[in-house]
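Hello,

Here is the structure I promised to pass on. Please open it alongside the notes below.

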Amino acid sequence: MTYPADIPAPIAMLAELTYRCPLSCPYCSNPIEMAKKETELDTQIWADVFAQAAKLGVLQLHLSGGEPASRRDLVALVAAARKAGLYTNLITSAIGLTQRRLADLEQAGLDHIQLSLQGTDAEMADRIGGYKGGFERKMQAAKWIVEAGFPLTLNAVVHRQNLHQLPEAIEMAVAMKARRMEVAIVQFHGWAMLNRQGMMPTRAQAEEANEIVAAARKRLKGVMVIDYVPADYHSDYPKRCMGGWGTTGLNVTPDGLVLPCHAAQTIPSLQFENVRDKALADIWYHGAAFNAYRGEDWMQEPCKSCDRRKLDFGGCRCQAMAIAGEAAATDPVCIKSPLHDKMTELAHNLSSGDNVELVYRKSP
Ligand code: SF4
Ligand code: FES
């Protein structure tokens, strides 16, 4: 089989090993309808997918979920990924990681751990994660992770209810000896979309977060790198989602569907193929879903003639679907979108209400 030379190979693959998770964060990006345990790919199929990914050109494998540690075969999966020659990153809440298991993961060749943070104290973290005692277990696991010698990234998802803890979260990451920190203002997909009213930051909070991150980056130069996802509902230009549709990365769901991004299933016109039926390379290069928004032919005005179109590819297709009702529309975050003012008003209205009750994610 020949593949088009003008389509780049993917660099990264996100393997959602399972949707099972002991936590139930209301901002979870997993779909509302989740694949059940019985339909999850087994160890052998995942190992084959990892080998195919490496052959396709993938360099980094992100093992995610749900909670990937809920898979009993996690160590075997890491070993298989390592054997395929992939750089392996485990994205975890750390619930389910014991000292023994971490030693086994280290032995199997795990390269890096990304630890999620729901809050900087037990009250906040356990409330947002919906898991009593979770914070204490996480702090213990963080120590074990560093002691075991894993490079650590602390991943803080922030929103209206915990943004006041951002300075403390940055200090925590430094104290944990994290090499990187990802500060992500919640993106409204999946369960987070159900919780926009409870979690939308105010404009003042979004602006303060920009300043806090800018100052911390300056202060911690050479100590810790900070990646930052700003509050896009309060921005004037959209983010380059997924590095550009079908250019950089792909996601595989627990039951084997191959998606151009984690929220792609919210675009009803797209159909997805499964690694059980087709080769990964074939899906990447020829899959209709991957080709739907590649390049620029699908773009409408104002993106079509905009000089930023190669920078942001018109923003996020899933956000355009959710707000504009059309995935090929300009991301309404963009100041040039006819819906930008509506987006700004929406952000203001959603952020200025009372703290409504949160809808917690349910495990399948
Ligand atoms: Fe990006 Fe489209 Fe806005 Fe231009 S018009 S900045 S390409 S989203
Ligand atoms: Fe799907 Fe942005 S989340 S393109």
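This is a predicted model: local features need pLDDT of at least 70, side-chain atom pairs count only at pLDDT 80 or more; totals for chains, interfaces and linings use all residues.

Residues are numbered from 1 along each chain as its sequence is written, while chains are lettered from A and ligands numbered from 1 in the order in which they are written.

**The sheet**

Ten strands form an open sheet, in the order β7-β6-β5-β4-β3-β2-β1-β8-β9-β10, with mixed pairing. Strands here are DSSP runs of E with at least two residues, and helices are runs of H or I with at least four, both numbered from the N terminus. Two strands pair if DSSP finds at least two bridges between them.

Strands β2 (60–64) and β3 (87–92) run parallel, joined by four bridges. L63 has L90 in β3 as its bridge partner. Strands β5 (152–158) and β6 are also parallel, over six bridges. There, V158 is partnered by I185 of β6.

In β6 (180–185) the side chains alternate. M181, V183 and I185 point to one face and are buried. Buried means 20 or more other C-beta atoms within 10 Å of the residue's own; exposed means 12 or fewer; partly exposed is in between; C-beta atoms are placed from the backbone.

**H112**

H112 lies in β4 (112–117). It counts as partly exposed because it has 17 C-beta neighbours inside 10 Å. Beyond its neighbours within four places in sequence, H112 contacts N89, F150 and P151. Contact means C-beta atoms, placed from the backbone, within 7 Å. H62 is 50 residues away along the chain, yet the two C-alpha atoms are separated by 9.4 Å.

**Helix α14**

Which residues of α14 are buried? They are M343, A347, L350 and S351. These cover an arc of only 90° around the axis, so they lie on the same side of α14. The arc is taken from the directions from the helix axis to the C-beta atoms. Cover for the buried residues includes α8 (196–199) and α13 (317–324). The face turned away from the buried side carries exposed D341, E345 and N349.

**Ligand 1**

Around ligand 1 there are 14 residues, of which C303, C306, R308, R309 and C334 come nearest. A residue is near if its C-beta atom, placed from the backbone, lies within 6 Å.

Best wishes

Methods:
Two residues are in contact if their C-beta atoms, placed from the backbone, lie within 7 Å.
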